[in-house]
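Biologist: I would like a close look at a single part of this model, taken slowly and with its surroundings.

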Amino acid sequence: MRSRILRDIKARQLVADNELTRQAYRFITRNETLPARVRHQAQLALNSMPKQSSPTFVHNRCVATGHGQGILREFKLCRYQFRLKALNGELPGVKKASW
């Protein structure tokens, strides 16, 4: 479980490190005013970048347990941990609904 969290942190760091380079290459490949050769070279450079540096590689995980499903994005917690912390009053502005 801990290794999943560490892998997620590493992936997020890799995405952050390569974000500007990846955006520049993507802009060049999509710019139709540039010559085809330049665009092709930029596409090759983009393809040679590490796969893990793509933002789609990052998967949301619970910061408390590392669980990968049922994540509430706003709190970065899985459903069960969200419920436990909400009932204990550890999440500001969250209380149990009653109607």
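Which residues does Cys 62 touch, not counting residues up to four places away in sequence?

Modeller: Bearing in mind that this is a predicted model, Cys 62 touches His 67, Ile 71, Lys 76, Leu 77, Cys 78 and Gln 81, once residues up to four places away in sequence are set aside. Cys 62 itself is found in the loop between helix H2 and strand E1, the latter spanning 71–72. With a relative accessible area of 1%, Cys 62 counts as buried, because that value falls under the 20% cut-off. Ile 5 lies 57 residues away from Cys 62 along the chain, yet the C-alpha atoms of the two are separated by 8.4 Å.

The largest share of the lining, four residues, is contributed by helix H1, which covers residues 2–30.

H1 also packs against H2 (residues 36–48), at an angle of about 145° and with the axes 8 Å apart, in a left-handed crossing. In this contact, Arg 22, Tyr 25, Arg 26, Ile 28 and Thr 29 of H1 meet Val 38, Arg 39, Ala 42, Gln 43, Ala 45 and Leu 46 of H2, a set made up of six nonpolar, two polar and three charged residues.

Methods:
Residues numbered from 1 in each chain as written. Predicted model: local features only at pLDDT ≥ 70, side-chain atom pairs only at ≥ 80, totals over all residues. Heavy atoms only, no water. Helix = DSSP H or I, 4+ residues; strand = E, 2+ residues; numbered from the N terminus. Axes fitted to C-alpha atoms, helices over the stretch in contact; angles between N-to-C directions. Left-handed = near helix turned anticlockwise from the far one by under 90°. Contact = heavy atoms within 4.5 Å. Nonpolar A, V, L, I, M, F, W, Y, C, P; charged D, E, K, R; others polar. Buried < 20%, exposed > 50% of the residue type's maximum accessible area, 1.4 Å probe, protein only.
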